[in-house]
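This report covers aromatic ring pairs.

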Amino acid sequence: MALSQVSRSVRLLLGQIQRCRPALLSNQTARCLSQAASQPEPSADENEAVNPTFVNRNPRNLEQMALAVKDRGWKTTWPHREFYHRLMFSRSQHHVTAQVFSSCSPIPVLSCSTKEWAVKKELASTNCVAACQAVGEVLAHRCQQAGITRMVYRVIPWTYRSDSVQSFRAAMKAGGIILSEPRRKYIGT
């Protein structure tokens, strides 16, 4: 019984195709051909009008335009707090760590370390100059993905000339990170 129903539906389908074929060849519309419905023109409504005065309250956008307020903190504190993002690089006896801090939080926004298994497995030693360079490359890539391209990096003066710090800085710069922030722009109101 099921086979007879299938053969009947196939015969009906073939009959419909044969009936529509002459209409297709003669460019005439038939009942079996569908036509796209015409879409109405969009009208400019008051609800859709754009406000001529737009106030952007996105803090990341204000940081990138150097308009956001930088908290200065006290002059006696070190390191100074006048930054949007700060890069901290530290080397211990066994590992290398780099962290990016925001000015409003003591918790790092981004970090990279040779304690991470993915970084550690590619290195022969976790505290050599090559490890510092690898941490710089990985952190630069993560910063680019997060949209942080400028940050303050203040090195302790007596560690600035070491090969590890120089290779870390070179890897960050090669990754497209600018290690200084623009001066804040003051706009009169």
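## Burial of F89

F89 is buried, at a relative accessible area of 17%. Buried means under 20% relative accessible area, exposed over 50%, and partly exposed in between (1.4 Å probe, protein chains only).

## Basis

This is a predicted model: local features need pLDDT of at least 70, side-chain atom pairs count only at pLDDT 80 or more, and totals for chains, interfaces and linings use all residues. Residues are numbered from 1 along each chain as its sequence is written, and side-chain values use heavy atoms, with hydrogens and water left out.

## The stacked pair

The whole structure holds 2 aromatic pairs. Rings of Phe, Tyr and Trp (its six-membered ring) pair if their centres lie within 6.5 Å; planes under 30 degrees apart count as stacked, over 60 as edge-to-face, the rest as tilted.

F89 and F168 are stacked, with 4.2 Å centre to centre and 20° between the planes. F89 sits in strand β1 (residues 85-91) and F168 in helix α5 (residues 163-174), so this pair ties together parts 79 residues apart in sequence. Helices (H or I, at least four residues) and strands (E, at least two) are DSSP runs, numbered from the N terminus. F168 is buried, at 0% relative accessible area.

## The edge-to-face pair

Y153 and F168 pair edge-to-face: 5.9 Å centre to centre, 65° between the planes. Y153 lies in the loop between α4 (129-146) and α5, 15 residues from F168 in helix α5. Y153 is buried too, at 9% relative accessibility.

## The cluster

Ring pairs join F89, Y153 and F168 into a cluster.
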